[in-house]
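Here is a short report for a first look at this structure. Keep the model in view while reading.

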Amino acid sequence: MSPVAKVSEFHREGNDWFCKTGLSSDINVVVDDVKFHLHKFPLVSKCGKLARMYEDSRITDKESLWTTVLEEFPGGADNFLIVARFCYGARVDFSSKNIVSIHCAAEYLEMTNEYGEDNLISQVQTFLHKHVLCNWKDCILALQSCNPVLKSTEKLQTIPKLMNAVSTMVCTDPSLFGWPMMMYGTLQSPGGSILWNGIHTGARMRSSGSDWWYEDISYLSVDLFKKLIKMMETKGIRAESLAGAMMYYARKYLPGLGRWQSGTSDSSKSRRRVVSFSLAKASSPSSMSLVDQIALFETILSLLPEKRGRSFCKFLLGLLRVAYILGVDGNCVKKLEKRIGMQLDLATLENLLILNYSDSETLYNVDCVERIILHFVSSLSSSQLPEFSPPSLDPVTSPSSVPLRKVAKLVDNYMAEVASDVNLKPDKMRSLAAALPESSRPLYDGLYRAFDIYFKEHPWLSDRDKEQLCNIMDYQRLSIDACAHASHNDRLPLRVVLQVLFFEQMHLRTALAGGVNVANTETAHAVMIPGGRTGQEIVQRDGWVTVVRQNQVLKVDMQKMRSRVGELEEEFQSIKQEMKKRVSKSSSAMNSPRLVKLGCKFLLPRASDAKNDTVHSTPRSVTADHTLPRSSRDSKHRKSFSFFG
C-alpha cells in the first residue's frame, strides 16, 4: 500500500518533521533549517519542481536517501507543512489569511494539473474566485497576509486580482456587498445601536460616507498601500477620495501628524485621534523605525495629487512639521514647501506657525515661511493648481486678486505673532514684510500692528533699525485710525511720526474736500425732497464741521511742532559754536603766565568764568526743551484711544 493511503498524521521532533506511514522515508526536504522526512512518491507525483530536481540528481542507487534544500521557500517551514499534507492526501483548510501564501508555495513547487488532477494551484484559484474576491473583508485580510511573501507574489496575479476587487467595491455602493463591511470600525447596526454578539437587528441599510474604506486599507503595508492607490487611480476613483485615504494613512503612522489635524466636525473622531497619539507606543505606528517613517513620508508625498483645497493645505503644513522632526531629505522638503506655496491663500495662521526644530535661536521657523511666501509669489505668474471636486476637501474659487490680499493679511498676522520672539532679528522682519509686492496690501494697518508689537518687545532697537522697518510701509495706505495711533506712538522714531502726521493731514483734507462736495450736492437735492430727510442731512453737516475743527487743531499742533523743532536745531547749533569758542579761549588763558601770581591764596573770579557758567547751564535748559515736544504732545492727546489695544 502506498504511503498516501497509510498517512495518519505529522509529528515534530526538534527541528525534524516525520510522517507516520509505517514506511521509512526516502526523501529529505530542508526548509529554513527544518528537515522534513518524507516519501518521494507523494511529493514527486504532485510537485513538478521536485520531480525535475529528482530526475536531474541522477541517483545511481534507487534505494539511497535523497536530500534537497529549498531556498527562499514562500512562507517558510510552516507553509511547506501545509503543502506536504496536501501531497499526502490530507484536507487543507483554505482561508483568506493563508490563501496567498499557499498560492505562492504551489507556484514555487509547480503544482499544476499536469502533475495531478485538481492539483493545489487549481484549488487555490477556485477558492480565491468563489470566496475571497467577492467579499470585502476577505480581500483585505488576504492583502494583509501578503507581507511575508511579498517578493514571491510579484510574478503572480493574485495581488492585482485582490486590488482590482477592492477598487471595484470602493467604486460601488457598499450596501450591495452586505453589511457590515468594515473590519476595524465600530460594529453598529444600521439603526445606530451596538450589535449584540454580531446579531443583525433587521434595520434598513443606512447611507455610508465616501470614507468608509479608509480604516481598513490603513492596515496594509506601505508597498501594498502604494500599489492599491495606483490601482484605484486607474479605476477613476475621485482624487479627493484618494487624497483622503492617504491623509488618513499618514495621520495613523507618522508621529504627531494626527495631533495637528483635528479639523473634523465629529468630536468622537477627534477624541480617537488624540487617544491614538497618546498611546502611540502601544500601537503599530510607533513600531516603525525612523527609516521606515521617512520612507512612508516620501511615499505619501509622491502619491499626493496636484490639487488644492483648505483641508489639503492644512495637511501639507502638517507634513512639513513632520519633515522637520524626522529630518527628511532636503529635496523632499523643497518640493513640499513649493506645493504649500502654490496654495498659501488657503492656509491659516495656526497651521503656519511651525516651530523651529533645529538649533536656531528663534522660536518659529521664519525662514521656511519666507520660502513658502516666495513660492506663492512666483506661482502667481503661472497657472493655478486644479481644485478638488466639492465637497470633500473644501475647495474655494476666487478671483486672481483675492488670493494675494489673503496672503498679505495672513503674513501680517504671522508677523504680529512671531514679533514677540526676542531672538528675532530686524532683518527677518524686514525680509518677511518685503516678500510680497506692494500691490498685495490695500491697507498697511496689519503691517503697522506687527511692527508696533515688534518695537514693544524689542525696546533696545535703534531709531535707524526702526526707520528701516517703517520705510517698508506706505504711510498713504494707513487708515485714519492707524494714523491717529501712530501719531501718538512713543515707540516710533520722530521722523516717522512727522511723516504719519503729514499724510494724516492729507487724508483729512481729501476727506474734507470730498465731504463738502457731497454736502453741497445733497443740500441742493434736499430742497426737492420733503422735510422727512432734512434731519439726516443736518447730522452729516455737523459731522463734517467736527472733522474740520479736528483738522484745524491737528494743523496747528503740527505747525507748532515744526517750528519748535526748528528752534531747537538753531539753538543747538549756536550753543555748539559758543562752546567751541569758550573752550579755545580758556585753553589759551591757562597757558598765560601773567594770570598766575605766586603766593596768592585766592583768585578773583573773571567775567569769562561767569560766561562759562552760563554756557554750562544752557544745555540743561536745552535738554529740558528737547523733551517738551514729546511730553506736550502726549499731554495734548492723552485722551486718544489706542488703535491696537
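## Strands and their partners

Start with Arg 12. Its bridge partner in E2 is Trp 17. Glu 13 has a bridge partner in E2 as well, namely Asp 16. The model is a predicted one.

These pairs belong to a wider pattern. Strand E2 covers residues 16–19, and four bridges join E1 to E2. The two strands run antiparallel. Together E1 and E2 make a hairpin, with two residues between them. Gly 14 sits in that turn and has a positive phi of about 70°.

## The sheet as a whole

The open sheet has five strands. Their order is E1-E2-E4-E3-E5, and the pairing is mixed. Strand E1 (10–13) and strand E5 (66–69) are the edge strands. Each of these two pairs on one side only. From one strand to the next, the twist averages 20°.

E2 also pairs with strand E4, residues 34–38. Here the sense is parallel, over three bridges.

## Two faces of E2

In a regular strand, side chains alternate between the two faces of the sheet. Which side chains of E2 are buried? Trp 17 and Cys 19 are, and they point to one face.

Cys 19 has a relative accessibility of 8%. It counts as buried because the cut-off is under 20%. Another cysteine, Cys 171, counts as partly exposed at 45% relative accessibility. How many disulfides does the structure hold? The number is zero.

## Salt bridges

Side chains of opposite charge can pair when their charged atoms come close. The count of salt bridges in this model comes to 12. Three of them follow, one by one.

Arg 91 forms a salt bridge with Asp 93. The closest N and O atoms of this pair are 2.3 Å apart. Arg 91 is exposed, and its relative accessible area is 72%.

Glu 306 forms a salt bridge with Arg 339, with 4.0 Å between the closest N and O atoms. This pair links distant parts of the chain, 33 residues apart. Glu 306 lies in the loop between helix H15 (290–303) and helix H16 (310–326), while Arg 339 lies in helix H17 (residues 330–341). Is Arg 339 buried or exposed? At 8% relative accessibility, Arg 339 counts as buried. Glu 306 counts as partly exposed, at 45%.

Glu 337 forms a salt bridge with Arg 371. Their closest N and O atoms are 3.0 Å apart. Glu 337 lies in helix H17 and Arg 371 in helix H19 (residues 366–379), so the pair ties together parts that are 34 residues apart in sequence. Glu 337 is buried, with a relative accessible area of 2%. Arg 371 counts as partly exposed at 35% relative accessibility.

Now turn to Asn 351. This residue lies in helix H18, residues 349–352. Asn 351 is buried, with a relative accessible area of 8%. Which side chain does Asn 351 meet in a polar contact? The partner is Thr 348, and the contact is 2.5 Å.

Two residues in one loop deserve a look. Glu 110 lies between helix H5 (99–109) and helix H6 (120–132). Its phi is near 55°, a positive value in a residue other than glycine. Glu 110 counts as partly exposed, at 28% relative accessibility.

Asp 118 is also found in the loop between H5 and H6. Asp 118 is not a glycine, yet its phi is positive, at about 50°. The relative accessible area of Asp 118 is 42%, and the residue is partly exposed.

## The buried side of H21

Helix H21 covers residues 426–434. Which of its residues are buried? They are Pro 426, Met 429, Leu 432 and Ala 433. Why do these residues share a side of H21? They cover an arc of only 130° around the axis, which puts them on the same side of the helix.

Notes: Residues numbered from 1 in each chain as written. Predicted model: local features only at pLDDT ≥ 70, side-chain atom pairs only at ≥ 80, totals over all residues. Heavy atoms only, no water. Buried < 20%, exposed > 50% of the residue type's maximum accessible area, 1.4 Å probe, protein only. Arc of directions from axis to C-beta. Salt bridge = Lys/Arg side-chain N within 4 Å of Asp/Glu carboxyl O. Polar contact = N/O pair within 3.5 Å; in protein donor to acceptor, adjacent residues only side chain to side chain. Disulfide = S-S within 2.5 Å. Pairing = 2+ DSSP bridges. Axes fitted to C-alpha atoms, helices over the stretch in contact; angles between N-to-C directions.
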